[in-house]
Amino acid sequence: MRPFELTAPTTVEAALATPGTFLAGGTTLVDLMKLDVLTPQHVLDINEVPLRGIDTTDGLRIGALERMSAIAAHPQVYPAISRALLLSASQQIRNMASIGGNLLQRTRCTYFRDVATPCNKREPGSGCSAIGGANRMQAILGTSDSCVATHASDVAVALVALDARVKLADAEGTREVALRDFYQLPGDTPALENDLRPGELITEVIVPRLDWAANSTYVKVRDRQSYEFALCSAAVALDVRDGKIADARVAAGGVGTVPWHLPAVEDALRGAPATQATFEAAAAVAAEGAEPLSDNGFKVSLLKRTIVRALLELTEGSSR
């Protein structure tokens with residue numbers, strides 16, 4: 001790790017007034033600093049900045065520094081969010097990691113984290129080692145000739161499905177952005193991963209009120225049951241009335257370069273009977289536009305099966 005200057009502002013205004021890299025839980029930043037992937041000269045420890053709290057007065061408002069473990073344990077947090085958090089990391093990491101930091105975590109692509117290999121995210125214009133290399137874990141949706149890295153966050157998938165927004169602040173004021181618009185496809189500029197502007201800070205995560213989101217879940221398929229990133233995941237919420245689906249929310253993880261919203265699947269579910277046949281027909285369109293690589297073609301069928309499994313959990317009470 002290279003030398004750096006550390007300061008600890010205690011207000012949002014002070015944090016925004018000083019150029020530097022924000023440090024919250026440190027569960028991503030410190031790792032990447034140790035690997036020389038990130039080499040900030042000035043680090044701002046913002047843990048004393050008052051950006052915590054969970055407000056459920058109307059929908060869900062979560063301070064950006066609220067820890068993942070506290071959010072997962074809150075009784076009024078929608079199940080898809082809580083389950084995504086519980087499945088995302090070990091208890092120790094959940095106790096450290098913040099929700100804002102989780103949404104900004106960098107990809108776990110091994111080539112991004114290895115400074116000896118070309119990576120357009122880390123060094124624009126150097127190339128993408130994963131396209132012709134070990135790409136089993138990489139994305140099949142939203143990829144480009146410049147990058148195929150999968151987005152790492154579990155809870156971002158649930159939040160995208162539930163129409164969440166992020167509140168952002170800089171020295172000029174605040175703005176809100178829908179999370180599904182916040183993340184950017186790699187295109188020719190994979191180093192630009194989101195709409196966070198220089199000097200800007202996530203201050204709050206906002207999930208609009210959706211009463212039937214109490215009927216939601218998050219299913220994560222991975223190589224092992226503990227402390228592993230998703231091969232594929234699905235966040236779903238269903239509004240079922242008299243055996244028919246009145247409304248639905250569906251997003252997928254582990255398969256896209258961003259948390260992958262699936263409006264075509266939602267459209268196929270609305271108005272149809274809540275049956276396995278309906279779920280399979282809707283999931284069949286989930287992988288439209290997929291571009292598998294040499295080692296991850298299995299994700300096409302895995303995505304469809306994962307969505308069906310999540311939908312069945314909600315309608316059959318399965319504990320799988």
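Which residue is the bridge partner of D239 in β11? To find out, open the predicted model and select strand β10, residues 232-241.

**Stop 1**

Display D239 and look across to β11, where its bridge partner is D247. V240 is likewise bridged to a residue of β11, namely I245. Between the two strands of this hairpin lie two residues, and D242 adopts a positive phi near 55 degrees.

**Stop 2: the antiparallel sheet**

Select β9, residues 216-221, on the other pairing of β10; six bridges connect β9 and β10 in the antiparallel sense. Within this pairing, K220 stands opposite S233 of β10. Now extend the selection to β12 to display an open sheet of four strands, ordered β9-β10-β11-β12 and paired antiparallel. β9 and β12 (260-261) are the edge strands; each has a single partner strand, so one side of each has no neighbour in the sheet. When inspecting the side chains, recall that in a regular strand they alternate between the two faces of the sheet.

**Stop 3: the helices around this sheet**

Select α11, residues 298-316. This helix lies across β9, β10 and β11, and runs at about 40 degrees to β10. Then select helix α10, residues 276-283, and show T278, F279, A282 and A283, which are buried. Viewed down the axis of α10, the buried residues fall within an arc of 125 degrees, so they line one face of the helix. What covers these residues? The cover of the buried residues of α10 includes β10, β11, α9 (263-269) and α11.

**Stop 4: the nonpolar core**

Which residues touch the most other members of the largest nonpolar core? Select I81, L103, L159, L269, L303 and I307; the core to which they belong has 73 residues. Helix α11 gives the most to this core, contributing eight residues.

Centre the view on L103 and display its contacts, leaving aside residues up to four places away in sequence: they are H151, S153, V155, A156, L159, V166, L179, Y183 and V205.

**Stop 5: the aromatic pair**

From L103, move to Y183, one of its contacts. The structure holds one aromatic pair. It is formed by F182 and Y183 in an edge-to-face arrangement, with 5.5 Å centre to centre and 70 degrees between the planes. Are these two residues buried or exposed? Both F182 and Y183 are buried.

**Stop 6: the parallel sheet**

Finally, select β1, β2 and β3, which form an open sheet in the order β1-β3-β2 with parallel pairing. The edges are β1 (5-7) and β2 (21-23), each with a single partner strand, so one side of each is left without a neighbour in the sheet. On average, neighbouring strands of this sheet are turned by 30 degrees against each other, direction ignored. Zoom in on β2 and β3 (residues 42-45), which run parallel and are joined by three bridges. Here T21 stands opposite V43 of β3.

Note on methods:
Residues numbered from 1 in each chain as written. Predicted model: local features only at pLDDT ≥ 70, side-chain atom pairs only at ≥ 80, totals over all residues. Heavy atoms only, no water. Buried < 20%, exposed > 50% of the residue type's maximum accessible area, 1.4 Å probe, protein only. Pairing = 2+ DSSP bridges. Arc of directions from axis to C-beta. Contact = heavy atoms within 4.5 Å. Axes fitted to C-alpha atoms, helices over the stretch in contact; angles between N-to-C directions. Core = buried A, V, L, I, M, F, W, Y, C linked by side-chain atoms within 4.5 Å. Phe/Tyr/Trp six-rings, centres within 6.5 Å; stacked < 30°, edge-to-face > 60°.
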